[in-house]
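Please look through this structure with me. Keep the sequence and the 3D view open as you read.

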Amino acid sequence: KAFEKFPMFHYIRTLQEQCESHENLKVVLSDMFVHVSAKFMWHCWTHSIFKEHINTSANLELIAKIIPFFLAWPNQDVQTMASDICLYAGLHRYPTVCDFLANEYKHFPELTCALLTQCIISPPEETGLKAKQAINFLKVF
C-alpha cells in the first residue's frame with residue numbers, strides 16, 4: 001500500500017531533479033545522500049518484493065537518465081551499486097547509458113563490455129541502436 005500512496009516514479013523523478021541540480025551547481029549533494037539513494041535503488045532491484053514497483057518503463061527511462069550520474073560519482077560503493085543496477089535493469093536498451101559507457105570505457109571496462117555487447121546483439125527495435133552509435137562502440141572492443 002505504501003507504493004500506491006507514494007509511487008516509485010515520483011521518488012525517481014525527484015532524485016533526477018536533485019542530480020540535475022547538483023550538476024548545474026544549484027545544490028551540493030552529500031556523499032551520504034548519493035550513497036543512500038544508490039543503495040535504495042540497488043535494494044529495489046535485488047529484492048523481488050520491490051522489483052515489481054521499480055521495473056516499469058517510466059521508471060527505467062528515468063533511471064537510465066540518472067545512472068551516469070551515479071557511475072561518475074567518486075565513491076566506489078556507489079559506482080558498484082550503479083553498475084549492478086545497469087545489469088539488473090537491462091539498461092543496455094537505453095542509448096544514454098551506452099553512450100556514457102562508450103565514452104568512459106576505461107573507467108568501467110567490464111560493465112562497458114557487458115552492456116555494449118548486449119546492446120549490439122539485441123534487436124535494434126529493442127535498443128534503438130543507430131549505426132553511428134554502433135561504430136562508436138567499436139573503439140571499446
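**Notes on rings and helices**

1. Start with the rings. There are 4 aromatic pairs here, where rings of Phe, Tyr and Trp (its six-membered ring) pair if their centres lie within 6.5 Å. Plane angles under 30 degrees count as stacked, over 60 as edge-to-face and the rest as tilted. The model is predicted: local features need pLDDT of at least 70, side-chain atom pairs count only at pLDDT 80 or more, and totals for chains, interfaces and linings use all residues. Residues are numbered from 1 along each chain as its sequence is written, and side-chain values use heavy atoms, with hydrogens and water left out.

2. How are the rings of Tyr11 and Phe40 arranged? Their centres are 5.2 Å apart and their planes stand at 80°, so the pair is edge-to-face. Tyr11 belongs to helix H2 and Phe40 to helix H3, so this pair ties together parts that are 29 residues apart in sequence. Helices here are DSSP runs (H or I, at least four residues), numbered from the N terminus.

3. Are these two residues buried or exposed? The cut-offs are under 20% relative accessible area for buried and over 50% for exposed, with partly exposed in between (1.4 Å probe, protein chains only).

4. Now take Phe100 and Phe108. Their pair is tilted, with 6.2 Å from centre to centre and 45° between the planes. Both Phe100 and Phe108 are buried. Elsewhere, ring pairs join Phe69, Phe70 and Trp73 into a cluster.

5. Next, helix packing. Two packed helices are described by the angle between their axes and the distance between the axes. Axes are lines fitted to C-alpha atoms, for helices over the stretch in contact, and angles run from 0 to 180 degrees between N-to-C directions.

6. Helix H2 (residues 8-23) packs on helix H3 (residues 31-46) at about 150°, with axes 12 Å apart. The two are therefore roughly antiparallel. On the H2 side, the contact (heavy atoms within 4.5 Å) uses Met8, Tyr11, Leu15 and Gln18, and on the H3 side Phe33, Ser37, Phe40, Met41 and Cys44. By class, these residues are 7 nonpolar, 2 polar and no charged. Ala, Val, Leu, Ile, Met, Phe, Trp, Tyr, Cys and Pro count as nonpolar, Asp, Glu, Lys and Arg as charged, and the others, Gly among them, as polar.

7. Helix H6 (residues 76-89) and helix H8 (residues 109-121) pack at about 15°, with axes 11 Å apart. That makes H6 roughly parallel to H8. Ser83, Cys86 and Leu87 of H6 meet Leu111, Ala114 and Leu115 of H8. The tally is 5 nonpolar, 1 polar and no charged residues.

8. Which residues does Gln16 touch, leaving aside neighbours within four places in sequence? Gln16 is in contact with Leu62, Lys65 and Ile66. Gln16 sits in helix H2 and is buried, with a relative accessible area of 11%.

9. Finally, Tyr94. This residue is in the loop between H6 and helix H7 (95-103). Tyr94 is buried, at 17% relative accessible area. Beyond neighbours within four places in sequence, Tyr94 is in contact with Ser57, Leu60, Glu61 and Ala64. Tyr94 and Cys119 are 25 residues apart in sequence and 8.7 Å apart in space, C-alpha to C-alpha.

Technical notes. Angles under 35 degrees count as roughly parallel, over 145 as roughly antiparallel, 65 to 115 as roughly perpendicular and the rest as oblique.
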